[in-house]
Amino acid sequence: MLKQACADLPLATDTTMKITTIEQAGYERVAKCEDPAAGLTAYIAVHNTTLGPALGGLRMWSYESEKAAITDVLRLSRGMTFKSSVAKTGLGGGKSVIVGNPRTDKTAKLFEAMGRFVDSFGGQYITAEDVGVGIEDLMHVRKTTKWVTGLSRADGGSGNPSPYTALGCFEGVKAAAIEAWGSDDLKGKVVAMQGPGNVGFPLGEQLVKAGARLVVCDVNQENVDRAVKQLGAQAVMPNDIYDVPCDIFSPCALGGILNDDTIPRLKCKVIAGAANNQLLDEVKHAAAVTARGLVYAPDYVINAGGIINVSLELEPGGYNEAAAVKKIQNIFEALRSIFETARKQKITTHAAAQAVAEANLAAGPAKKKAAAPAAR
């Protein structure tokens, strides 16, 4: 249910921004923003700030309904809490989404209005890049709020986080390969990748360099064409990717793709990819994956490279790429430990990862990190 959280915020002489609170148990703050003059309908969810301010990307997507948008922002923000907890970034979990087509609906005015919405959280939420949103868009957001990370190096940020997410995923794939086959040698392995986009493509580059072969699908034909041309990938239709005989299934698009329909169709040994919220039902479908004997790399562990990279912008002294890469490479050992725990305790890898995240949250912050990036 929506309820009015604050008075309309005047943005210009001929328009107002309306921000309303969405009551949601287990979340610190969830809000909706409507600014018709800017063409903005957006949501921000702050799940948990126990370990620090909530940092999470801004996504733009053509949601079919308000319910779909709210469900996505809630799931994503909760996932960010656990991702940052396991990665020990000193940050909490939050996320934001804009309802709209990222190919046709972007304007500077829209993102400037989004910046005002972010600013209304007073540093409780810090935004960054996500699906459908790039650095240029964030530059417009930055005009109306300082609570932005992931800007270009020239503007004092750490740049596009996607290559760093891909790096962490590659480390995670190697860890999963050891669990499945006793070796991280990927030569000759077939990887069925769903979504060779901003993260999937650089991950694919690393996989091919390591000797793997790619089969890809994407709703964006440009992504498919690029993967075929530059990575030698084989292309299949989006719904056929689940039936591809392969060694590794790598979901790198949207969430909820491991479900009652798809899990029985998979012909792989390992599931390791960059997408958030891969399990439609975390408990039920983690169990279903385990029952099939598949090695599942929990998404919020394997795809933490981007948030780790961005989080170092908030360190005293600013961003250090070498330190970021070293920390991202720790994803390999983090997953090895989770696989070992799951095996020894006879639990799902999702449950093992969740235990780590919850233990870190229960311990609380050793110290609060800086609440925001330095003004640029």
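Biologist: What is the volume of the second largest cavity?

Modeller: This is a predicted model, in which local features need pLDDT of at least 70, side-chain atom pairs count only at pLDDT 80 or more, and totals for chains, interfaces and linings use all residues. Residues are numbered from 1 along each chain as its sequence is written, and side-chain values use heavy atoms, with hydrogens and water left out. On a 1 Å grid over the protein atoms alone, a cavity is a set of points where a 1.4 Å probe fits but cannot get out; points are joined across faces, edges and corners, and a volume is the space filled by probe spheres set on them. For the second largest cavity the volume is about 40 Å³.

Biologist: Which element gives the largest share of the lining of the second largest cavity?

Modeller: Lining residues have an atom within 4 Å of a grid point, and here they are Arg75, Leu76, Gly79, Met80, Lys83, Asn276, Asn277, Asp299 and Tyr300. Helices (H or I, at least four residues) and strands (E, at least two) are DSSP runs, numbered from the N terminus. The elements that give two or more residues to this lining are α1 and α8. The largest share, five residues, comes from α1.

Biologist: What is the volume of the largest cavity?

Modeller: There are two cavities of 30 Å³ or more. The lining of the largest cavity consists of Arg75, Arg78, Gly79, Phe82, Asn277, Gln278, Leu279, Glu282, Tyr296, Asp299, Tyr300 and His350, with four of these residues supplied by α1. The volume of the largest cavity is about 90 Å³.

Biologist: How many nonpolar, polar and charged residues line the largest pocket?

Modeller: A pocket is an open set of points with protein on both sides within 12 Å along at least five of seven lines. The largest pocket has a volume of about 1,300 Å³, and of its 47 lining residues the closest to its centre are Asp130, Val131, Gly132, Asn198 and Cys252. Ala, Val, Leu, Ile, Met, Phe, Trp, Tyr, Cys and Pro count as nonpolar, Asp, Glu, Lys and Arg as charged, and the others, Gly among them, as polar. By class, the lining has 20 nonpolar, 18 polar and nine charged residues.

Biologist: Which element supplies the largest share of the lining of the second largest pocket?

Modeller: The second largest pocket holds about 310 Å³ of space. Among its 16 lining residues, Tyr63, Ala68, Asp72, Leu254 and Gly255 lie nearest its centre. Both β6 and α1 supply at least two residues of the lining, and the largest share, five residues, comes from α1.

Biologist: Why do the buried residues of α7 line one face of the helix?

Modeller: Buried means under 20% relative accessible area, exposed over 50%, and partly exposed in between (1.4 Å probe, protein chains only). In α7, residues 282-291, the buried residues are His285, Ala286 and Val289. They line one face because, seen down the helix axis, they fall within an arc, taken from the directions from the axis to the C-beta atoms, of 105 degrees.

Biologist: Which exposed residues does the opposite face of α7 carry?

Modeller: Contact means heavy atoms within 4.5 Å, and what covers the buried residues of α7 includes β13 (270-271), β14 (295-296) and α12 (349-363). The face turned away from that buried side carries the exposed residues Val283 and Ala291.

Biologist: Which residue's backbone oxygen lies 2.9 Å from a polar atom of the Asn360 side chain?

Modeller: Asn360 is placed in helix α12 and is buried, with a relative accessible area of 18%. Not counting residues up to four places away in sequence, Asn360 touches Leu51, Ser85, Val86 and Lys88. The backbone oxygen in question belongs to Ser85.

Biologist: Is Ala235 buried, partly exposed or exposed?

Modeller: Ala235 is found in strand β11, residues 234-235. Leaving out residues up to four places away in sequence, Ala235 touches Val216, Val224 and Val228. At 42% relative accessibility, Ala235 counts as partly exposed.

Terms used: A polar contact is a pair of N or O atoms within 3.5 Å; within protein, one must be able to donate a hydrogen and the other to accept it, and residues adjacent in sequence count only if both atoms are side-chain atoms.
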